[in-house]
Every structure is written in C-alpha cells, then in structure tokens.
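Trainee: I would like to go through one structure with you, a few questions at a time.
Mentor: Go ahead.

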Protein chains: 2
Amino acid sequence: MSYDRIKLKSLLDKVITAEQAAQLFENGMIVGSSGFTKAGDSKVVLPALADRAKTDPLKITLITGASLGHGTDGKLAEAGVLAKRMPFQVDRTLRGKINSGEVLFIDQHLSETAELLHNKNLASVDIAVLEVAAIEADGSIIPTTSVGNSATFAALAKHVILEINTAVPMEIRGIHDIYQAEDYPRRNVIPIVAPENKIGRKTIALDPSKVVGIVFTDIEDSPADIAEPDTKTTAIASHILNFFEKEVEMGHLSSSLLPLQAGIGKVANAVLMGFKDSNFRNLTMFSEVLQDSTFDLIDAGVMDFASASSITVSKPCYDRVFGNLDKYRDKMVLRPQNISNTPGLIRRLGVIAINTAIEFDIYGNVNSTHISGTNIMNGIGGSGDFARNAYLSIFVTQAASKEDRISHVLPMVSHVDHTEHDVDILVTDIGLADLRGLAPRERAQVIIDNCVHPDYKEQLQDYYDRACERGGHTPHILEEAFSWHVNLRDQGSMKK
Amino acid sequence: MSYDRIKLKSLLDKVITAEQAAQLFENGMIVGSSGFTKAGDSKVVLPALADRAKTDPLKITLITGASLGHGTDGKLAEAGVLAKRMPFQVDRTLRGKINSGEVLFIDQHLSETAELLHNKNLASVDIAVLEVAAIEADGSIIPTTSVGNSATFAALAKHVILEINTAVPMEIRGIHDIYQAEDYPRRNVIPIVAPENKIGRKTIALDPSKVVGIVFTDIEDSPADIAEPDTKTTAIASHILNFFEKEVEMGHLSSSLLPLQAGIGKVANAVLMGFKDSNFRNLTMFSEVLQDSTFDLIDAGVMDFASASSITVSKPCYDRVFGNLDKYRDKMVLRPQNISNTPGLIRRLGVIAINTAIEFDIYGNVNSTHISGTNIMNGIGGSGDFARNAYLSIFVTQAASKEDRISHVLPMVSHVDHTEHDVDILVTDIGLADLRGLAPRERAQVIIDNCVHPDYKEQLQDYYDRACERGGHTPHILEEAFSWHVNLRDQGSMKK
C-alpha cells in the first residue's frame, strides 16, 4: 500500500479491500464508473462485484465513460449484474446478452451522458467507482489514463469508491484538464480555441465526505490490440492521404490540415501512420482517444499536440509514454468526454473526423453500430459527436469481407447512425467518394463508381437504375432495400 | 423610387430594372439568394429570371437561406432554371421536379450551408440577390425580415444584386445582429450566452464594388398560412404542456423553462399558444423562425425575448409587428442562420427543440423529409441542428392521417433524419412517449403504449413481438420492416 498517495489524511481510514468495496453496492443502484476505451477503468472493484454477485445476486445500471478493459464488462454480464448499461461497450459476452435482450443497453453519443446526468434527464448516480493516481490534500483526485465521465460522477454521485492505482506514475499529474460547463440556465462559453488550450483544474474536485471506500491496485490498463496495416487498411489510408494532398494543393487546407479526430482501430492507425512519411507538418489532434500512432507522430516531429479523453495504447507504447511523461507532458491533454467531444468545440476548431462504418449506402447514410439492423456491435461512441459537427466528416470501411460474401456498400443501410446530411467523404479499399455538394442521385453514382467491391458493382448499379425508374429524390425499391441483408442471412452471401 | 434608401451615392447609378438584372445571370452560375421561410426573399429579380428563361433558357444552382415565398421556387422550376437547389424548399412544383429527378436538391442542415461555402467545401457563389431595406453610406446593407445566409453571400459572392424593398419600414434597422465566425484555423468563441445577447453589427458588410445592380420593389413577404388549432394539434400541444408542467414540478426546469425552438407549422403554433394561459413566465426563444405565436406571447407578457433568423407571420401580425417596431425592438433579434442554428450555441443555451416529424418508428428514429422513403416533402431544415444539440429534443406528428389509412408510427421509418440517439420525446395526438434513459426495447413498448393510433396498436405490437422472438438489441424483421409503406402503395392503406 502506498498510503502516501492519500494526501488527505482524514481519508486514510477509508482504505478497504476490493471485496469489502463490492459489498457497498445494492440491488437497483445506478453506478458510475471511470474508464474510457479500456483506459483508466476499475481494475478490482467492479470485478469483485461480479464475483460477489455469483453467490449474492444483484442488478445495477452501469454508466461508464466508454468501454472497459480486462473483460470486466463480460464478467459483470456473465454474473448477471448488469440490468442496464450505457453509453458504450465492446465486450463479446456483454454484446451477446444485449442482443438476446438480457441486458438493456443505451447507445449514446459520448458527449451526452454527462449532459443527461447534469440535467436530470437520467436518474441520479448512487455510487461511483473511480480509478485515480492519488488523492490530493484538498480531497480532489488525480485521474489516470482517461478522464471520461469521472468529473461528472465525482460531482453527482451520492457515494464514491476510489481505486488508487499505484502502477500509474505520479508524474501523470498535470496531463489532465478538468473543466465542466455550468448548469443551465447560466452556462458560459467553454474557452477553448485551439487543441492545446488548458482551461481547467489539474485534478477532479471531490467532496471527501462522499468517499465510502479506497482500494489499492497496481494493475495496468488492458493494452490496445495493434493490428499491423494490411492491404485494405493501407489502401484506405492511401486514398485519404491523397485526398488531403489534393485539398492542400487546391488551397482549401494548409499542410497542418485542421485538428484531426480518428476513431479507434486499425484503419485510423493506418491513416495516422501514413502522415509519418508525408509532407504534412505541425498536425494536431482534437479527438477522444490517443493511440500508438499519435505518439509515433509526436516522436517523428510531425504532430505538435493531441487532445483527447483517454490514452489507449499497446504495452510498448504505454511504457514509452508513461516512462517519459515529462517528454510528452506539453504535447497532450486529457479532458472530460463532454469537453473532448462537445459539438461546439468540434465546429469551432474545424475538426477533420475519420470514423469507421459497419456499412454505408448509395445515398451516404452510415451504419456504425448494428449487424443487419438488429444486433449491436459496439456502439456509436463519439462518431456522431464528431461527424455532425466536423469540418469534414469521413467514414471508412472495407468494400467487402468474409470472402466477399458481405458487401459493406449497400442499397440501404439496415440501421442509420449518421444520416446523409452528416457525411462528406466515404472511403473503402476500392476508392474514395467525395460527396460534398452532391444531391442524392449524384452521390449514388459516385459511390457505385468509386467505393463498391467489383463483385457487387453491377448488382448495385442495377438496384439504383431500377429504383430511378420509380422516381424520387432518393430513389429506392422499399421491398428490395434490405434484400442483400436477407440474402446473407438465408443464403450466406449478399451476392444475387 | 426611394433613392434616399441608397445612402452611398456612388451606387445610385446602379439602379436597374428587374428585367435588366435578370440579364446578369449566366448559364451554369451559382446563385446565392436571401430568403428564409418566405421572409426577406427576392420579390422581383428571381421571378424576372424565370420569365427570361422562358425565351432564353439557362440553368443555375440556387442556394438560399431556406424556402422562398410568392411561388418563386415554382416559377424557377417551371421555367427550367434550376439545375440544383439547396438547402431547403417547400414548393409543390419544385418538389415535383426534384422527385422526378429534373432538379437536383441538396437537403442540408440550415446551419451548414454557410460553413460549406466559407470552407470551400462548396463551389463559390457567382452572384447573390439580396433583399435589403436600404444601403448605408459605408456600402453595408440592412436586411429585411430575414437574415438567412445573406451575410455569407455578401462576403463571398463575386457580384451582388440588391433589391431595395420600400414596403419594409426603415425602422427595421437595428433588429438584426450580424456576426460571422472567423475562418479556420483561427475561429474564436461566438460570445452568446443568452438569447438576447447582441454581438455583431446592425448591417451586413458589403464591398460596394461587387454591386452590379440595384432594383427597387415594394412587395411584402408572402404571409404565413396560419391554420387554426384543431383537435389533433390541441391534443399534441396539451401533452407537451403537461410534460413541461411535470418537469417543473420535479424541479428539473423552472417556470421559464429554457430557450424554446419551434419548427414552423400549426403544431408548433398550437404549443406556443398553449403557453398563453399557463403558469409559465419569462419564456425566451432561440429558434430559426418567429411566427404569430411568438408575438402573441410577447404581447401577453409571457415571453421576454425571441432570437431567430426570420419573421414569418400572417398579414395581420405582419402589420402589427412592422407597424410597431419600437415596441418589439428590444424583444427580438434576427441573426444569420449559421448563428441562430449553430450547434455550440444550442447546447450552450440548453434549447428545448420542438419539431415536426413525417413519421417515427418504435425505436425513436424520425423521418422529417421523405414520403415512403423516396419522395422528398420539404427538407430537414434546422431540425437537425436543434434536435442533436438540444437540452430536450421533442418530435411531434399526428398518429394517423388520411382517414387513418396512414399510420405515422411505424415499425421502421423509411428515411432517417434524426437517429434514435437524438430523440428524447415523441408526441402524437394519442399521447407522449418519454424516451429518456430507455433502451430500444423499452422505447418500443412506451411508444406502442402511448403514441400509436388505436387502429394500428395491435398490428404494431404484433410486429414488435415477432421481431423480439428473433432477438437483437433493436429487434426487426427486415423483410417486413417497410411492409406498411408497401401496403399503402399497393392497397391504399397501411392496415393489414
């Protein structure tokens, strides 16, 4: 135990075990937890709660920043602890229980959960579990590798359990910028005009009387799975980089572009890595997650500054960053997700948003969440916060997958997360469709010409041509619109 | 002619006729025009252009604030002038030509057109036609009953034609607040923290050397069609007012609520009129259009201030407001639509957004634009700007129409403008569904229980129950999802 991480000595007697902490939860409670894209999550208390529930069943609503690491969501789901979960998850077991209807899931824009809680549009949080690096003498807390919704939970929860993670170096203090907008009707301007602006506190304010338990841990975040770029991701990245180069040539953008947001995953990593050997310089990020590529670009002198709500990196990158925090301290900031993802800042800064689609359709509607319209994959995450308000909204996906039995470019998406109104650029490994200034019928032809896998090109053109014969601003044949999904289900392939 | 409305004397020799102005357009030009919800539009130049095209054909792209009055869009469409139109329209003739594919239409969030133009994500404007009340000595112009995108067109267009409308009293000077955000990457804060804040100029800056023609008119705006509240709109309004009363009782809102936005039309008017005989006081609006009800509430002492981009009212209300501008001057402001509708301000102010749906589905997705997925009605307008960023996002529609052959509550909407992530409250004349904090399966039951017309309740429950048997986070039977629309087309009714 590193009791010196508890600077407010009156809290020393709150130290308990994870098992004791797990007893503080009651059936029906609404629980807020730190954790955003596997970073800064509860390492022992939530798992202990899952263990407790095996013999002493209870159900809770669990609200986090975003996804948790270490299979914790799966353990909780397996133990039947989760009645309701929001706003995001990536766990295979939990996903199965959501899709079977056992767990209720609310798939929410990541900027909005804190708003809903502050505005009492969601029921109030009974207890929060927050991973921290330390407790300051004033009772305020130092977050770890993510901020997520922790500032909101600290402010609103009736009770708080703190997990002090001694695996996180104390030098992390200062990389966070904790700012919360005022409650309505007296909300002021959020005074950020550049990614590097720091406008808040270094620590999260917390009323020490709320602390009902302090648990020590020394477990690192689950590492990010870094997939090496493959032919498809490299092709997608190359289309995007070529597009940016042309925009610079035309004088629409400078070689620093505008602040970048990149969704999590290998395509985003491939795009960002592409900047390394490019002519782009003095790049910045205003994103929600910092991945390995961010730090590679900083090391390469290509990126000047990165703002986000969490750091989710591979083990080697984790060691490099957290072993050299002084090197990176002035080049990054972690913010609450209702600041990192807030609509007004995204538009004010002119963010270029690059996010992954599950599928898109010929009119530019994007499905980010559902397999064949019914089963959720992960959730919308911050993609909606960014895409709607971005200077440029780019979505990427592979043209086809599963031995090309699935086309990701379709007559009609089976679930809409991003409407035709919010999508500027669509990219697959086949090519890029620039939809700016195009009406639906123009978009359709550009998408068919540039993005669809060759095996599906004729079939998609045929659908579109026959739809046009029926007319409409957005021509469709409603009884056929989902026939590709139905064919996949019934015949194992979307091919006719 | 009232040449005294041209204070910059060097422009006096630019006065021409509408017919002469119509000759300034060339085939292929991109034209920007004032006009927002029939207010402040070109009264003579665009109609003269339509006349010219009958014998001297040409095609243009026409970008406005929003819809035009006096059937101008129809005249232009009929004359074959429109190659492309954005970002909104409400004209029956134009709509027909869009749906037949003759005119390309881009249905855009009303806050975004100016952004796209400033960012060069749309081709540049060749010529702008702007209705003004007068030209100041510095060449700047006084808008009339709307601001729309006029400040953007004035800044970016290569050439400008001004229509001085002498039917608009000079006392209108001062009701506008013209502010434009800086271009990227040096955009600053938009310093509005309350609807009544005025942060800009009283007039629109204009380089006089751009002015290629000045035309005089004295034609008033097309009056708004004010439909008297009927049983359905009164029922919808009553559900919403009861909801607000409960929110106040629970302490979530004060009796001034938060700034209101209301879409155009009779439901919005009915809701606003409902406030007149209520306990709500010191209301404000932060909206895009001010309608009769706004001024009725101001007169009744119930509303303190209203911010928007246009005034679209009946003839009696027009005379009342513009004959007594000194009375209303401190109670209203008209802003550019990229300010009235900007995402950051909507969230900062905590706007309560009430907009009309064409149809919504059991999971809370809303279609605002398309009839049976293909034919556009008007366009998304500002509903997306507001709904996504609002404190509360409310959508209203009648439960059924056309002798109840059409249900507006459906298994799946045929076009998505507002996703499940962006919708808080759904209301029909049958009742109100509060979706806050509900997962998709919960939402479905609440919507079926509260909103659907009795004739369709069993049928909708049956769809949902059978979909649930198949499982999924968002249960659906894809091959049946649009069967209600297909039945309407083939059998004249959505009833099974």
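Trainee: Which residues in helix 10 of chain A do A:D292, A:F295, A:D296 and A:D299 in helix 9 of chain A meet?
Mentor: This is a predicted model, in which local features need pLDDT of at least 70, side-chain atom pairs count only at pLDDT 80 or more, and totals for chains, interfaces and linings use all residues. Residues are numbered from 1 along each chain as its sequence is written, chains are lettered from A and ligands numbered from 1 in the order in which they are written, and side-chain values use heavy atoms, without hydrogens and water. Contact means heavy atoms within 4.5 Å, and helices are DSSP runs (H or I, at least four residues) numbered from the N terminus. On the helix 10 side of chain A, the partners are A:C317, A:R320 and A:V321.

Trainee: How many residues of that contact are charged?
Mentor: Asp, Glu, Lys and Arg count as charged. The contact of helix 9 with helix 10 of chain A has three nonpolar residues and no polar ones. The charged residues number four.

Trainee: At what angle do helix 9 and helix 10 of chain A pack?
Mentor: Axes are lines fitted to C-alpha atoms over the stretch in contact, and angles run from 0 to 180 degrees between N-to-C directions. For residues 292-299 and 315-322 of chain A, the axes lie 10 Å apart. The angle is about 50°.

Trainee: What rotation superposes chain B on chain A?
Mentor: Superposition is by least squares on the C-alpha atoms of residues with pLDDT of at least 70 in both copies. The shift along the axis is 0.0 Å, with RMSD 0.0 Å. The rotation is 180°.

Trainee: Which residue of chain B comes closest to the rotation axis?
Mentor: The distance is taken at the C-alpha and comes to 1.7 Å. The residue is B:G344.

Definitions and conventions. Helices (H or I, at least four residues) and strands (E, at least two) are DSSP runs, numbered from the N terminus.
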